[in-house]
Amino acid sequence: MRVSFLSTLFIGCCFHLSAAALQLPVNYTTPPTPRGFRVDVKFDDRHPMNPALIYGAAITAADYWAPPSWDSIVHGGGQVRFGERIAIYLADFSVAAGSSLLRRGHLMLALHKLVFTVSERNLFFRPYVHVYLAGRLLATIALMSQPNEELALDSTNASIALEPDDSGLMQAVDVPWLRVRWQSIHARRVPAADMFTSMMDAIVDSATEPENSPRSHINAVSESGNCGFNVHKSSDGSPQRHELTNEILRTVLLMIMGEIFLRRRRFAELDFVILGDGVEMAQGFWLKIGNDNIHKANRTAVER
């Protein structure tokens with residue numbers, strides 16, 4: 001599934017970046033699929049769902065199922081909660097043979113396919129994701145919600161107008177030393193689907209290595225190819241007390257999703273800095289890199 005993405009990003013300064021342009025390639029990062037691996041995404045059109053709910057639940061599940069490593073075995077099924085009345089259920093059918101054939105990487109690829117299919121086909125209904133290997137059904141992932149919850153986030157997919165300057169500082173709940181400083185300066189609006197799909201692409205990339213492995217950078221791109229994401233370790237020589245790992249990067253991404261995408265309902269170009277005990281660890285950004293006119297006709301009503 002790896003697709004070469006030939007565009008190159010050129011950005012000026014953001015936070016502590018020098019004024020000189022920084023050249024950063026963005027690649028579609030999904031690893032190659034195993035031989036005989038297939039994912040089918042089905043939708044139940046009797047149950048409409050808010051786009052942000054589908055994206056947010058799938059990304060939350062990917063973060064939950066990513067550890068400890070890509071090839072580690074998933075034992076049985078389970079569920080992940082998203083909000084008070086939303087659940088992502090996993091049924092592992094491979095255990096019937098006596099031992100599970102389902103790997104964490106299978107789930108990452110399946111959730112990536114779900115999010116990119118929702119964006120590409122503009123289908124916002126209850127999804128069911130069926131995972132096959134060599135023609136055999138390994139697992140099904142289902143996103144379920146209470147009836148009143150399905151459309152409760154009815155405006156969270158809207159790209160609302162931003163003030164010329166907007167910024168904030170977030171504190172991680174479970175990691176006392178971790179903070180994220182973010183800002184949007186004269187930011188161009190970006191379709192919500194591009195922000196969510198590039199985030200999922202980054203999370204899947206982070207899951208290809210063990211959660212505690214250090215990372216120098218992650219590149220990702222949206223399903224449309226019109227939005228690029230990058231996070232890279234700072235190189236200003238400051239002494240670091242904490243390592244930038246895949247687990248920390250996913251924690252930061254979920255902080256941004258919860259605060260900026262879902263609570264503030266803001267979808268636009270974004271710069272951010274990751275801080276460890278107040279010391280800069282890494283810098284990152286979302287950048288619009290293409291023309292999103294092809295998506296205008298497919299936007300939901302709240303985005304028009």
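What share of the contacts in the protein with a separation of 6 or more comes from residues 24 or more positions apart? In this predicted model, such residues account for 75% of those contacts. The protein has 304 residues, and 56% of them count as buried. Its accessible surface comes to about 13,400 Å². Carbon and sulfur atoms contribute 51% of that surface. The secondary structure consists of 5 helices and 13 strands.

Helix H1 covers residues 51-65. At 1.5 Å a residue, its 15 residues should span 21 Å. The C-alpha atoms at its ends are 21 Å apart, which agrees with that expectation. H1 is mostly covered, with 13 of its 15 residues buried.

Side chains of opposite charge can pair when their charged atoms come close. The structure holds 11 salt bridges. One of them joins Arg188 to Glu269, with the closest N and O atoms 2.6 Å apart. This pair links distant parts of the chain, 81 residues apart. Arg188 sits in the loop between strand S9 (178-185) and helix H3 (192-207). Glu269 sits in the loop between helix H4 (246-263) and strand S12 (270-276). The two partners differ in cover. Arg188 has a relative accessible area of 44% and is partly exposed. Glu269, at 11%, is buried because its value falls under 20%.

A second salt bridge pairs Arg215 with Asp205. Here the closest N and O atoms are 2.5 Å apart. Arg215 lies in the loop between H3 and strand S10 (217-221), whereas Asp205 belongs to helix H3. The residues are 10 positions apart. Both Arg215 and Asp205 are buried.

Glu243 and Lys233 form a further salt bridge, and their closest N and O atoms are 3.3 Å apart. Glu243 is located in the loop between strand S11 (227-233) and H4, and Lys233 in strand S11, so the pair ties together parts 10 residues apart in sequence. Glu243 is partly exposed, with a relative accessible area of 41%. Lys233 also counts as partly exposed, at 36%. Elsewhere, salt bridges with shared partners join Asp205, Glu209 and Arg215 into one network.

Conventions
Residues are numbered from 1 along each chain as its sequence is written. This is a predicted model: local features need pLDDT of at least 70, side-chain atom pairs count only at pLDDT 80 or more; totals for chains, interfaces and linings use all residues. Side-chain values use heavy atoms; hydrogens and water are left out. Helices (H or I, at least four residues) and strands (E, at least two) are DSSP runs, numbered from the N terminus. The expected span of a helix is 1.5 Å times one less than its number of residues. Buried means under 20% relative accessible area, exposed over 50%, partly exposed in between (1.4 Å probe, protein chains only). Contact means heavy atoms within 4.5 Å. Accessible areas come from the Shrake-Rupley method with a 1.4 Å probe; for residues, only the protein chains shown count as cover. A salt bridge is a side-chain nitrogen of Lys or Arg within 4 Å of a carboxyl oxygen of Asp or Glu.
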